[in-house]
Amino acid sequence: MPPIEVHVGGCHTAGRRRRPVPRDEARRLLTSAVRACTHCKPDAQLRTLD
C-alpha cells in the first residue's frame, strides 16, 4: 500500500500503520504527491515548503 501522508516521528495522528523512513525519502515523498500532516508539519521541519 503506498503512503498517503508523511508525519514527524511521535506524531499522535500517525495511527498504527506506519513505518519510519530516512529524511531523504521523506523529502522525496513530500515533493511528490504525498501530503504532509497538518498537525506535525514535516514539510516545515524538513524545509520542503513551496
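Does Cys 37 count as buried or exposed, and at what relative accessibility? The close-up views below, taken from a predicted model, begin with this residue.

**View 1. Cys 37 in the loop between β2 and α2.** Cys 37 counts as buried because its relative accessibility is 3%, and the limit for a buried residue is under 20%. Not counting residues up to four places away in sequence, the residues touched by Cys 37 are Glu 5, Val 6, His 7, Cys 11, Thr 13 and Pro 42. With Glu 5, the separation along the chain is 32 residues, whereas the C-alpha atoms of Cys 37 and Glu 5 are separated by 6.2 Å.

**View 2. Lys 41 in the loop between β2 (35-36) and α2 (42-45).** The relative accessible area of Lys 41 is 42%, so this residue is partly exposed. The side chain of Lys 41 reaches the backbone oxygen of Thr 38, at a distance of 2.8 Å. Lys 41 and Val 6 are 35 residues apart in sequence, and their C-alpha atoms are 8.6 Å apart in space. The backbone of Lys 41 also deserves attention. Most residues other than glycine have a negative phi. Lys 41, although not a glycine, has a positive phi of about 50 degrees.

**View 3. The buried side of helix α1 and the face turned away from it.** Helix α1 comprises residues 23-31, and Ala 26, Leu 29 and Leu 30 are buried in it. These residues lie on the same side of α1 because they cover an arc of only 95 degrees around the axis. The buried residues of α1 pack against β1 (5-6), β2 and α2. On the face turned away from the buried side, α1 carries Asp 24 and Thr 31, which are exposed.

**View 4. Pro 3 in the segment before β1.** Pro 3 has a relative accessible area of 45% and is therefore partly exposed. Leaving aside residues up to four places away in sequence, Pro 3 touches Leu 29 and Val 34. Leu 29 is one of the buried residues of α1. Between Pro 3 and Ala 33 there are 30 residues of separation along the chain, and the C-alpha atoms of the two are separated by 9.6 Å.

**View 5. The largest pocket, with a volume of about 850 Å³.** Of the 25 residues that line the largest pocket, Glu 5, Val 6, His 7, Arg 18 and Arg 19 are the closest to its centre. At least two residues of the lining are supplied by each of β1, α1 and α2. The largest share, 4 residues, comes from α1. By class, the lining contains 15 nonpolar, 4 polar and 6 charged residues. Rolling a probe the size of a water molecule over the atoms shows where empty space is left.

Conventions: Residues numbered from 1 in each chain as written. Predicted model: local features only at pLDDT ≥ 70, side-chain atom pairs only at ≥ 80, totals over all residues. Heavy atoms only, no water. Buried < 20%, exposed > 50% of the residue type's maximum accessible area, 1.4 Å probe, protein only. Polar contact = N/O pair within 3.5 Å; in protein donor to acceptor, adjacent residues only side chain to side chain. Arc of directions from axis to C-beta. Contact = heavy atoms within 4.5 Å. 1 Å grid on protein atoms, 1.4 Å probe; cavity = no way out; pocket = protein on both sides within 12 Å on 5 of 7 lines; lining within 4 Å. Points joined across faces, edges and corners; volume = space filled by probe spheres on them. Nonpolar A, V, L, I, M, F, W, Y, C, P; charged D, E, K, R; others polar.
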